[in-house]
Amino acid sequence: MAFSMTLLSWSVIEYPHKYKYSGEYDHVRDLIKWGTDYLLLTFNSSATTIDNIHSQVGTARNASNSPDDHYCWTRPEDMDYPRPVQTSVSGPDLAGEMAAALASASIVFRDVPAYSKRLVNGAAALFKFARDGGKRTMYSKGNLEIAQFYNSTGYYDEYMWGAAWMYYATGNASYLALATNPGVPRNAKAFLEVTDLKVFSWDNKLPGAELLLTRLRVFLNPGYPYEEMLMGYHNMTGINMCSYLHRFNVFNWTQGGMIQLNHGRPQPLQYVANTAFLASLFADYMDATNVPGWSCGSTFFSADVLRSFASSQLDYILGDNPKKMSYVVGYGKNYPKHIHHRGASIPRNADKNTRTCKGGWKWRDTSAPNPNTITGAMVGGPDRLDGFSDVRTNYNYTEPTMAGNAGLVAALVSLTGSGGGGIDRNTIFSAVPPLYPGTPPPPPPWRP
């Protein structure tokens with residue numbers, strides 16, 4: 001949830017003109033507010049210091065034989081089985097991402113001052129919780145109810161990511177000092193050539209954080225004492241972009257043309273969409289600063305090479321693949337019809353007998369297409385051989401996710417030419433104070 005809201009907010013901050021032209025600006029703001037309103041309810045958002053976060057609602061166990069989110073197949077409005085709440089008393093990763101979500105959204109809602117301030121205050125409390133030295137156990141550690149689905153592998157990337165967003169939302173230089181403190185990227189392994197750390201996801205914010213902080217360098221050039229670290233982030237961003245190009249063979253690719261950012265494991269499209277967004281956005285940063293491209297070793301590439309990469313991956317998702325299948329429900333003539341989604345698979349007029357946990361299994365297991373079209377949902381995607389199984393119970397192929405669809409929306413809006421090209425250069429810096437003293441006024445005329 002939190003990462004999805006951050007990603008949507010980032011795309012709105014960069015491309016408000018495109019959302020407005022398409023008539024989706026108010027809609028996407030409503031979506032973000034739906035998410036941030038929910039996040040504000042998961043902790044004491046009126047306090048300056050908090051000691052817990054409600055981190056998950058519901059539990060699920062594989063092969064469960066008792067009512068839970070795996071065993072039961074019911075519409076959301078029919079859920080009547082126990083759904084316990086997980087409460088985290090530590091969690092720098094969770095709180096760091098939640099702070100990023102509220103901070104980025106506060107920029108989106110800068111025209112609603114009271115709500116924007118509420119988001120900033122909540123973000124500050126969350127980030128304070130994230131940085132508490134006594135609360136630095138990852139929120140999934142030792143909790144099987146969370147770890148089996150959302151296992152966190154670290155939290156220093158969230159420190160970089162969250163601190164960057166907190167700086168943009170508040171202008172408080174202490175957040176920038178943290179984001180550029182050498183200990184943070186060192187612990188995040190930001191400057192190591194670790195292939196998996198080049199993949200932007202809900203669990204790994206490094207590529208996004210590096211690009212977000214590169215934005216500060218290329219547009220505002222704050223100089224000392226931040227320049228050395230910002231230059232490092234800028235260099236790593238360039239290296240990340242090089243790694244996404246097919247010719248360098250950093251990642252495997254399917255024969256049909258999809259980059260395999262998760263080593264051919266299931267549900268690849270969320271990573272593909274996220275990466276397409278970063279590539280397209282970096283190209284727009286270069287255009288906005290009149291930089292024609294970037295170098296990969298001794299080879300110089302134009303910014304259009306990144307756009308071509310991003311476009312090719314979105315084209316693959318939308319149907320330019322060996323299956324000639326759009327992996328976005330409702331787009332094109334050939335798209336998945338058996339989505340792993342409870343609400344989409346159960347008819348709205350289903351009888352009462354099918355509204356129980358086991359009663360819904362008839363809809364889960366039927367080979368009939370979903371009666372409700374969940375338009376716009378991107379499914380998990382194909383396998384490493386470009387194969388796809390349109391089977392509802394095979395969630396590796398047919399399950400949509402909120403995080404994946406947020407990345408898809410961001411990538412699509414970045415690549416569309418509707419509403420004019422380029423980014424909004426300045427809105428993200430609205431709260432950032434002048435970095436240099438203003439020119440003093442001229443002295444008064446001399447008088448004898």
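Where is the place of Gln267? Gln267 sits in the loop between strand 4 (259-260) and helix 12. The model is predicted.

## Gln267 and its backbone

Gln267 is a residue other than glycine, yet its phi is positive, near 55°. Its relative accessibility is 15%, so Gln267 counts as buried. The cut-off for buried is under 20% relative accessible area.

## The loop between helix 10 and helix 11

Asn221 also has a positive phi, about 45°, although it is not a glycine. Asn221 lies in the loop between helix 10 and helix 11.

Pro225 has its place in the loop between helix 10 (206-220) and helix 11. The peptide bond that joins Tyr224 and Pro225 is cis. Its omega is about 5°.

## Two disulfides

How many disulfides does the structure hold? The structure holds 2. A disulfide is a covalent bond between the sulfur atoms of two cysteines. Counting bonded cysteines along the chain, the disulfides follow the pattern 1-4, 2-3.

## Cys72 to Cys357

Which parts does the pair tie together? Cys72 lies in the loop between strand 1 (53-57) and strand 2 (85-88). Cys357 lies in the loop between helix 14 (342-345) and helix 15 (361-365). The pair therefore ties together parts that are 285 residues apart in sequence.

Cys72 has 0% relative accessibility, so it counts as buried. Cys357 has 12% relative accessibility, so Cys357 counts as buried too.

## Cys242 to Cys296

Another disulfide joins Cys242 to Cys296, with an S to S distance of 2.0 Å. The angle about the S-S bond is -95°, and the link of Cys242 and Cys296 is left-handed. Cys242 lies in helix 11 (residues 227-243), while Cys296 lies in strand 5 (residues 293-296). This pair therefore ties together parts that are 54 residues apart in sequence.

Are Cys242 and Cys296 buried or exposed? Cys242 is buried, and Cys296 is buried as well.

## Helix 11 against helix 12

Helix 11 and helix 12 (residues 269-288) pack at an angle of about 125°. Their axes are 11 Å apart. That angle makes helix 11 oblique to helix 12. The crossing of helix 11 and helix 12 is left-handed.

Which residues meet? From helix 11 come His234, Thr237 and Met241. From helix 12 come Leu278, Ala279 and Phe282. The residues of this contact divide into 4 nonpolar, 2 polar and no charged.

## Ser280 in helix 12

Ser280 also has its place in helix 12. Ser280 is buried, with a relative accessible area of 0%. What does Ser280 touch, not counting residues up to four places away in sequence? Ser280 touches Tyr15, Ala310, Ser414 and Leu415.

## Helix 4 against helix 7

Helix 4 (residues 92-108) and helix 7 (residues 156-170) form another pair; their axes come within 8 Å. The axes cross at roughly 25°. That makes helix 4 roughly parallel to helix 7, because angles under 35 degrees count as roughly parallel. The crossing of helix 4 and helix 7 is left-handed.

Which residues of helix 4 and helix 7 make the contact? Helix 4 gives Pro92, Asp93, Gly96, Glu97, Ala99, Ala100, Ala103, Ser104, Ser106 and Ile107. Helix 7 gives Glu158, Tyr159, Trp161, Gly162, Trp165, Met166, Tyr168 and Ala169. The residues of the contact of helix 4 with helix 7 divide into 11 nonpolar, 4 polar and 3 charged.

Note on methods: Residues numbered from 1 in each chain as written. Predicted model: local features only at pLDDT ≥ 70, side-chain atom pairs only at ≥ 80, totals over all residues. Heavy atoms only, no water. Axes fitted to C-alpha atoms, helices over the stretch in contact; angles between N-to-C directions. Helix = DSSP H or I, 4+ residues; strand = E, 2+ residues; numbered from the N terminus. Parallel < 35°, antiparallel > 145°, perpendicular 65-115°, else oblique. Left-handed = near helix turned anticlockwise from the far one by under 90°. Contact = heavy atoms within 4.5 Å. Nonpolar A, V, L, I, M, F, W, Y, C, P; charged D, E, K, R; others polar. Disulfide = S-S within 2.5 Å. Buried < 20%, exposed > 50% of the residue type's maximum accessible area, 1.4 Å probe, protein only.
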